[in-house]
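Here are some exercises to work through with the model open beside you. Try each task before you read the solution.

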Amino acid sequence: MSPIHRINPAELSPPAGFSHAVTATGSQLVFLAGQTALDQRGDIVGSTLPEQFTTALTNLLGALRAAGGAPADLARVTVYATDVADYRANAVELGRIWRRLAGRDYPAMAVIGAVRLWDEQALVEIDGVAVLP
């Protein structure tokens, strides 16, 4: 039985790519550091938001797997974007990328606009919290 339970009340707007609330009853929390589109050499790869989102999410999920977790264990994810309008314009494609890499078990999520990220060329950074059984 999964330690994560997603709650989407009928009286709230239908969620698209996130859950309104998530409860977790597992025994181990995994706090995932913000991941950008850095490759193994420490260089930002990709010039578009979808390209960088793919690498950042892959990096986040790689850290989660190294900690013994899986995408369905994500309880909370925050996405920091340097251009929220670009994020919204690419939302359909970003959703496809999410489903391909992480599936359809959506965590509670937020997208926050950031003036700039630690890596100057980074367009997006993703962090999260997972709960393992």
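**Exercise 1: the pocket lining**

By class, the lining of the largest pocket consists of 11 nonpolar, 2 polar and 1 charged residues. Here Ala, Val, Leu, Ile, Met, Phe, Trp, Tyr, Cys and Pro count as nonpolar, Asp, Glu, Lys and Arg as charged, and the others, Gly among them, as polar. Before going on, please note that this is a predicted model, in which local features need pLDDT of at least 70 and side-chain atom pairs count only at pLDDT 80 or more, while totals for chains, interfaces and linings use all residues. Residues are numbered from 1 along each chain as its sequence is written, and side-chain values use heavy atoms, with hydrogens and water left out.

Task: find the volume of the largest pocket, and say which element gives the most to its lining.

Solution. Start with the term: on a 1 Å grid over the protein atoms alone, a pocket is an open set of points where a 1.4 Å probe fits, with protein on both sides within 12 Å along at least five of seven lines, and lining residues have an atom within 4 Å of a point. The volume, meaning the space filled by probe spheres set on the points, is about 390 Å³ for the largest pocket. Of the 14 lining residues, A16, G17, F18, Y87 and M109 are the closest to the centre. Next, look at the elements, where helices (H or I, at least four residues) and strands (E, at least two) are DSSP runs numbered from the N terminus. Both α3 (91-102) and β5 (108-113) supply at least two lining residues, and α3 gives the most, with 5.

**Exercise 2: an aromatic pair**

Task: describe the geometry of the pair formed by F53 and Y87, and decide whether these residues are buried or exposed.

Solution. Rings of Phe, Tyr and Trp (its six-membered ring) pair if their centres lie within 6.5 Å; planes under 30 degrees apart count as stacked, over 60 as edge-to-face and the rest as tilted. This rule gives 1 aromatic pair. F53 and Y87 are 6.4 Å apart centre to centre with 70° between the planes, so the pair is edge-to-face. F53 lies in helix α1 (residues 49-66) and Y87 in helix α2 (residues 84-89), so the pair ties together parts 34 residues apart in sequence. Both residues are buried (under 20% relative accessible area; exposed is over 50%, partly exposed in between, with a 1.4 Å probe and protein chains only).

**Exercise 3: the nonpolar core**

Task: work out which residues have the most contacts inside the largest nonpolar core, and which element supplies its largest share.

Solution. A nonpolar core is a set of buried Ala, Val, Leu, Ile, Met, Phe, Trp, Tyr and Cys residues joined through side-chain atoms within 4.5 Å. The largest one has 23 residues, and F53, L74, W98 and I126 have the most contacts inside it. β3 (28-35), α1, β4 (74-81), α3 and β6 (124-132) each supply at least two residues, while the largest share, 7 residues, comes from α1.

**Exercise 4: two loop residues**

Task: compare where P107 and Q40 sit, and how accessible each one is.

Solution. P107 is in the loop between α3 and β5, and its 0% relative accessibility makes P107 buried. Its contacts (heavy atoms within 4.5 Å) beyond four places in sequence include F18, L74 and W98. Q40, in the loop between β3 and α1, is exposed at 88%.
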